[in-house]
Amino acid sequence: MSLRIFSSSLLRNCTPSLRVSVSRAAYYSTIKKYTSDHEWVSVTDGVGTVGITDYAQKALGDVVFVDCPEVGITVESLAQIGAVESVKAASDIFAPLAGEIVDSNSNLETEPNLINTSPEEDGWLCKIKLADLSELDTLMDEAAYKAHCEH
């Protein structure tokens, strides 16, 4: 089951519309955004670190396997870039933004439970050199994501 299918079944009629302009990037060194499919991306200097949210890992349960994308491939926004398998389900992971995969979290090969213990820090999946920073405007900020999860 993909996070997209999982989130749509839980949050069928929720369409938050809060957006933060990329022009704020000049004021902050790091911007963190969220997808409706429960992926997060933290962008610093044009490189986005991608993972699944705490909300998603709680819904999945104990993670037992993570398939991270290969370094060097180019991905389109919303393309499948990996998968997470837990004791409950398997879920596809989608790229929140387009770009080139420049790093992959090899620690997840031997410690997939990092997704459970530190989903938005040590449990990151990959890093993407972003093709277009304006795509950030299509994602939710923290307040919008929290509202999305409450519906």
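**Charged pairs and their surroundings**

Guide: To start, Glu120 has a relative accessibility of 24% and so counts as partly exposed. The model is a predicted one.

Visitor: How confident is the prediction, going by pLDDT?
Guide: The average pLDDT of the protein is 86, and 81% of the residues score at least 70.

Visitor: And where does pLDDT stay under 50?
Guide: Over residues 5-28. For that stretch the model has 30 contacts beyond four places in sequence.

Visitor: Back to Glu120. What does it form a salt bridge with?
Guide: With Lys32; the closest N and O atoms of the two are 2.8 Å apart. Lys32 is in strand 1, residues 30-34, while Glu120 is in the loop between helix 4 (114-117) and strand 9 (126-130), so the bridge ties together parts that lie 88 residues apart in sequence.

Visitor: Is Lys32 buried, exposed or partly exposed?
Guide: Lys32 is partly exposed, at a relative accessible area of 29%.

Visitor: How many salt bridges are there in the whole structure?
Guide: A search finds 3. One of them joins Lys58 and Asp54, with the closest N and O atoms 3.0 Å apart.

Visitor: Where do Lys58 and Asp54 lie?
Guide: Both are in helix 2, 4 residues apart, which is about one turn of the helix. Lys58 counts as exposed, at 56% relative accessibility. Asp54 counts as partly exposed, at 27%.

Visitor: What about Lys146, what is its partner?
Guide: Lys146 forms a salt bridge with Glu142, and the closest N and O atoms are 3.4 Å apart. The two are 4 residues apart in helix 5, residues 142-150, so about one helical turn separates them. Lys146 is partly exposed at 48% relative accessibility, and Glu142 is partly exposed at 44%.

Visitor: Staying with helix 5, which of its residues are buried?
Guide: Ala144, Tyr145, His148 and Cys149. They span an arc of only 135 degrees around the axis, so they sit on the same side of helix 5.

Visitor: What covers them?
Guide: The cover over the buried residues of helix 5 includes strand 1 and helix 2.

Visitor: And what happens at the start of helix 5?
Guide: There, a side-chain oxygen of Asp141 comes to within 3.3 Å of the backbone nitrogen of Ala143.

Visitor: Buried or exposed?
Guide: Thr53 has 0% relative accessibility, so it counts as buried, the cut-off being under 20%.

Visitor: Which residues does Thr53 touch?
Guide: Leaving out residues up to four places away in sequence, Thr53 touches Tyr34, His38, Glu39, Trp40, Pro119, Glu120 and Tyr145. Two of those names have come up already: Glu120 is the salt-bridge partner of Lys32, and Tyr145 is one of the buried residues of helix 5.

Visitor: Last topic, strands. How many bridges join strand 5 to strand 8?
Guide: 2 bridges, and the strands run antiparallel. Strand 5 covers residues 74-75 and strand 8 covers residues 99-104. Thr74 has Glu100 in strand 8 as its bridge partner.

Visitor: And strand 8 to strand 9, how many there?
Guide: 5 bridges, with the strands again antiparallel. Gly99, for instance, has Leu130 in strand 9 as its bridge partner.

Conventions:
Residues numbered from 1 in each chain as written. Predicted model: local features only at pLDDT ≥ 70, side-chain atom pairs only at ≥ 80, totals over all residues. Heavy atoms only, no water. Buried < 20%, exposed > 50% of the residue type's maximum accessible area, 1.4 Å probe, protein only. Contact = heavy atoms within 4.5 Å. Salt bridge = Lys/Arg side-chain N within 4 Å of Asp/Glu carboxyl O. pLDDT = per-residue confidence, 0-100. Pairing = 2+ DSSP bridges. Arc of directions from axis to C-beta. Polar contact = N/O pair within 3.5 Å; in protein donor to acceptor, adjacent residues only side chain to side chain.
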